[in-house]
Amino acid sequence: MTVDVAIVGCGPVGALLAGELRLAGVRVVVLERSVEPTVHSRAFRLQTRTLELLDYRGLLDRFVANAVRIPKTHFAAIRPPLLDLDLLDTEHPYTLGIPQARTEAFLVEHASGLGAEIRRGHEVTGLEQTGDGVVLQVDSADGPYSLAAAYVVGCDGGRSLVRKAAGIGFPGVPGTVSALLGDVTLGDPDAFPSGIPGTLRTRSGLIMAVAMPDNGIRVFTCEFDRPVPDRDAPVSLDELRAAATRVTGLEIEMSEPTWLARFTDSSRVVDRFHCGRVFVAGDAAHVHFPIGAQGLNLGIQDAMNLGWKLAGQIHGWASGDLLDSYDRERRPAADRVILETRAQLALMNSDERIDPLREVFRELLAIGEVNRHLSRMLTGLDARYQPEPTAAVHPLVGRLAPPLRLQTAGGPVRLAELLRTGRPVLVDLGDEPSVAAAAAGHRDRVDVVAAREEDGATVGALLIRPDGYVAWAAAPGVEPAAVESSLPAALAAWFGLATAAVR
């Protein structure tokens with residue numbers, strides 16, 4: 001093979017995946033048809049769960065330094081009350097307002113710095129799977145060529161050529177609403193009917209406005225009783241103005257658009273996340289109504305889930321069904337986001353029969369536990385990769401590792417900092433010799449760290465995957481026999497047999 005992995009699409013999802021693969025020593029090429037990086041703001045919010053993943057790789061500080069922390073958010077444009085992210089159990093109780101162009105630029109720079117080869121102006125036009133790889137047909141300014149890769153990942157958006165060429169189905173429901181979005185300059189921001197930030201819901205639809213992290217105002221309109229236009233039809237500023245007038249009954253002065261787009265509520269998830277050696281991630285795998293940049297965040301989380309698994313397969317230590325776990329884990333996550341976005345859109349409907357339901361939700365949002373539940377849903381913190389159903393499974397298994405502060409032989413450290421290398425980590429918090437002994441045959445691919453919790457023992461030991469999810473855990477004071485019976489099985493399931501050949 002020419003390369004281990006070819007990634008099609010160099011948006012944030014493809015760029016992060018390239019970085020993850022390079023961190024694991026995998027040869028990767030990214031093929032992007034656009035000659036220049038995007039300059040549009042597009043999705044401009046990173047959710048809490050994504051911030052934790054960026055923290056694991058030591059990338060978060062740069063993002064935070066160039067963005068706005070947002071400690072509250074809305075559910076279905078119901079305000080007040082807002083969702084209070086301070087209620088979340090996380091080191092990052094906020095979302096981050098940052099244009100997608102900047103997110104993409106940071107992740108591309110990260111991947112390139114690790115040695116990923118990014119080819120701009122190279123458009124994939126077809127693919128064919130062979131017995132031991134995939135051959136891509138590529139057009140470039142220097143002429144067409146073929147590229148052979150052991151694996152291919154399509155991060156090429158909702159109209160993914162990779163998905164279609166691989167024969168991966170994309171079932172779901174078609175769009176029923178007409179939504180427009182524009183990053184514009186308003187003639188008189190103070191006169192905007194909903195206020196900024198704010199939302200106005202009328203019998204004709206809904207309009208929202210929010211100040212962009214850099215400059216300008218994002219205006220979003222959604223109309224529930226108009227014909228759904230061609231998704232590919234270009235949007236003009238006059239069309240956005242007309243929609244705003246229909247919703248508000250007012251002439252709203254707008255000018256200097258930097259980005260215009262149209263959306264609908266089409267909701268789809270692929271029938272399989274991979275076919276043979278071809279995988280899909282991000283919008284190539286799932287689409288939904290855009291409320292809060294969940295699509296961007298869901299795609300970044302796809303990449304973190306897939307990267308280390310592909311690396312394990314390429315290096316020869318992955319268990320037989322490790323790659324299949326990508327579908328098992330990411331499908332429920334995609335379904336969850338589609339459930340949440342469709343629920344919000346239903347509550348946003350301009351039909352007067354929805355008014356009582358919105359009032360009930362307004363009361364529910366004022367209840368702390370309900371507010372916390374919905375905050376966890378919107379930020380992705382409620383996700384759990386379901387472990388095998390056994391009585392001995394620790395409650396942390398399948399969840400993101402808790403934000404522990406530890407004392408090690410080298411000094412104090414946050415648990416997130418142990419994942420900087422992109423390798424799995426076994427943290428022994430109880431000075432139990434059986435923990436380190438069980439991992440002796442995996443030290444070529446698993447870091448073992450002895451530590452203690454600063455705030456008292458809440459857990460005895462944790463086996464943490466490279467994407468930050470707990471693969472195995474033990475309570476404080478666990479018996480050596482319990483470790484010896486369960487930890488080796490977890491190590492083998494996620495990180496291969498102790499005797500596996502490693503490239």
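**Strands, helices and cores**

Strands S26 and S27 (residues 470–474) pair in the antiparallel sense over 4 bridges, where pairing requires that DSSP finds at least two bridges between two strands, and where strands (E, at least two residues) and helices (H or I, at least four) are DSSP runs numbered from the N terminus. This is a predicted model, in which local features need pLDDT of at least 70 and side-chain atom pairs count only at pLDDT 80 or more, while totals for chains, interfaces and linings use all residues. Residues are numbered from 1 along each chain as its sequence is written, and side-chain values use heavy atoms, with hydrogens and water left out.

Elsewhere, an open sheet of 3 strands has the order S12-S18-S21 with antiparallel pairing. Strands S12 (172–173) and S21 (286–287) stand at the edges with a single partner strand each, so one side of each is left without a neighbour in the sheet. S12 and S18 (residues 267–269) are joined over 2 bridges, and Val173 stands opposite Ser267.

Helix H8 (residues 324–348) lies across S12, S18 and S21, running at about 175 degrees to S18; axes are lines fitted to C-alpha atoms, for helices over the stretch in contact (heavy atoms within 4.5 Å), and angles run from 0 to 180 degrees between N-to-C directions. The axes of H7 and H8 come within 10 Å and cross at roughly 175 degrees, and these helices are therefore roughly antiparallel (over 145 degrees) to each other.

Turning to the cores, a nonpolar core is a set of buried Ala, Val, Leu, Ile, Met, Phe, Trp, Tyr and Cys residues joined through side-chain atoms within 4.5 Å. Of the 103 residues in the largest one, Val5, Phe63 and Leu136 touch the most other members, and its largest share, 9 residues, comes from H7 (residues 294–315). A second, separate core of 25 residues includes Met348, Leu374, Met377 and Leu378.

Conventions
Buried < 20%, exposed > 50% of the residue type's maximum accessible area, 1.4 Å probe, protein only. Parallel < 35°, antiparallel > 145°, perpendicular 65-115°, else oblique.
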